Amino acid sequence: MTAEITTEKARIGAPSIAGFTEEGEGLVSAKVDHSHNHGLTVMSSRAERLTSFDVADFALPTGREEEWRFTPVRGLANLFSDAATDGDAAAFTVEAPEGYVRGSLAQGAAPRGTVLTPADRAAVVASANTAEALHVVIPADAEPAEPVRILVDGAGAGRRSNAHFVLEAGANSRSVVIVEHTGAADHNGNLEVIVGDGAHLTVISVQLWEDDARHLGQHDAQVGKDAVYKHIAVSLGGSVVRLNSNVRFSGEGAEAELLGLYFADAGQHLEHRSFVDHNVANCKSNVLYKGALQGKNAHTVWVGDVLIQKQALGTDSYEKNQNLVLTDGCRADSVPNLEIETGLIEGAGHASSTGRFDDEHLFYLMARGIPEDVARRLVVRGFLNEILQQIKVPALEERLTEEVERELAANEN
Amino acid sequence: MSTLEIKDLHVSIDTEQGTKEILKGVSLTIRTGETHAIMGPNGSGKSTLASTIAGHPRYNVTGGTITLDGEDVLAMSVDERARAGVFLAMQYPVEVPGVTMTNFLRTAKTAIDGEAPKLRTWTKDVKDAMQQLRIDADFAQRNVNEGFSGGEKKRVEILQLELFKPKFAVLDETDSGLDVDALKVVSEGVNRAHATGNMGTLLITHYTRILRYIKPDFVHVFVNGQVVEEGGPELADRLEEEGYDRYVAGTGSATAAAAAQA
């Protein structure tokens, strides 16, 4: 059995023949770099996707929807049900300097709901079933020496857990927030992030779940003037993980970097979706997700949407996904979508590649004296290092490097 | 002084049509300091010989032996062969995703020597060797062979040859796809490695062109999986004028039979 690799071409919001759309949907007004237009299907704008706080607005996913078509929805009924958290499904711990935890926010209590409006069934049931959302504020100008840590530890497989966190980085603050998932649960987790003007915030979402955990999440951020936001998703554990990392801007001169690292083993489904909404002029974004796959039915998905709105002049954006397939029987889906409504931009690029580490690579390295296990580690570590080194929290970086090595060792046995 | 000895080697591969014998009894002895050229037309099994020495899993040895100073090379894994001192400069070096040249070279050198090279001298050695082979310094930070041109890949093979200092180098059509300038640069690299006096060279080529720069002590003509004629450098000159026709057409099989018995 060979690795199944699909790389879909970018869909750009411009029909290849002016005035014609395949699905008969309204014309998308777009000026695009035509050398970049692969002449593909036209979809309605990403901006038009439904968002709502009302559970009734989202039908149960069937797998035929655009946003669910890669996900094994059939097994996720427990996560889609409009159900409260099972008593002690997960333990939540916050490690932060005194005064950072501001208690909780009820539904409708701003800033909750100002940035994150649920965009799918999992997010809306999480929102509806979290009466009180954890509210963490990094004060303006603060530069905490240690990262703020939010630990989510699942109590057992199949236990339904809902969470909604609201995170505010005050103006000109410099901070790192780690959201760490361990144990097992059926966890729906929303994260709402407000990055104040001039603030630098790094959010690292680490999925070190046990094998039988399932996790659906929506992480939305709004980035203020001249602020820098970095979101790093690291998914190693869990049977199904699906994380949506979305960002938009509230002031010019802002930068967003959405990064991801995943390593899927046999039977694991790890899905990452990113959406950069360039709704403000002169902002920069960079998206880079890198994944490794090994074992039968290891499945990864990356869907990267970038929308450059008409008013977002001077936008500079790039998105890239790279996958490394280590064994037969894996499947990596990679879909960059670039929608450009103005030609007056600095740049908009995308790239996607899925490569195989095969017997010829192995032969080459071994023919240079490198033993097989070292050769495999060398390749995978080298490949994933680009993301790991962005973490810049030495203890966490080290730990995740070890976890990656453990994933590799598991394959050798 | 080391000896790489190939005796009556038979090699086959599995194809869709069944097993196909490629090497039909090859014997060769190479000693430190010697350069042997193996010349032959396409499809004669030259590259099979090279890959078999290195241990490529595609090739099944059905008979004969390969020994390095008496040690059974065929019993060694691919990496063990390299550590024992066998180096194959590949005809088509593969791109290895995710691994920078710097990281690769250091890891391989550490594996071959059994200890990590001294960082300061190593960095300098790599830099100097790259310079001599006219490889841009920024290649060090690029992934192994990724996006390299054909000529760049060949230079990087010879870079490894110079840095790893093997006992025996097998150069599999290192000259193919090189323009004259690159051919000179690459040949100089091989000659430098050879000049250390600690290496034996098996140079596999289709064309005599590279033999203007790398002087062989022995020339073996390879046809249909066998050595059909052996001689000194003058044999290469004759091939240059006459080509392989007289071996492959008609009389070829008679010559082959005679050579096999010799």
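Colleague: Why are H5(B) and H6(B) called roughly parallel to each other?

Modeller: In this predicted model, local features need pLDDT of at least 70, side-chain atom pairs count only at pLDDT 80 or more, and totals for chains, interfaces and linings use all residues. Residues are numbered from 1 along each chain as its sequence is written, with chains lettered from A and ligands numbered from 1 in the order in which they are written. The axes of H5 (residues 150–164) and H6 (residues 180–195) of chain B cross at roughly 10 degrees. Angles under 35 degrees count as roughly parallel, over 145 as roughly antiparallel, 65 to 115 as roughly perpendicular and the rest as oblique, so H5(B) and H6(B) are roughly parallel.

Colleague: What makes H2 of chain A largely enclosed by the rest of the structure?

Modeller: A residue is buried if 20 or more other C-beta atoms, placed from the backbone, lie within 10 Å of its own, exposed if 12 or fewer, and partly exposed in between. Seven of the eight residues of H2(A) (121–128) are buried, so this helix is largely enclosed. Among them are Arg121(A) and Val124(A).

Colleague: Which strands of chain B stand at the edges of the sheet?

Modeller: Four strands form an open antiparallel sheet in the order S2-S1-S4-S5 (chain B); two strands pair if DSSP finds at least two bridges between them. S2 (18–31) and S5 (71–72) of chain B each have a single partner strand, so one side of each is left without a neighbour in the sheet.

Colleague: How do you know that S1(B) and S2(B) pair?

Modeller: DSSP bridges tell us: S1(B) and S2(B) pair in the antiparallel sense over eleven bridges. His10(B), for instance, has Lys24(B) in S2(B) as its bridge partner.

Definitions and conventions: Axes are lines fitted to C-alpha atoms, for helices over the stretch in contact, and angles run from 0 to 180 degrees between N-to-C directions. Helices (H or I, at least four residues) and strands (E, at least two) are DSSP runs, numbered from the N terminus.
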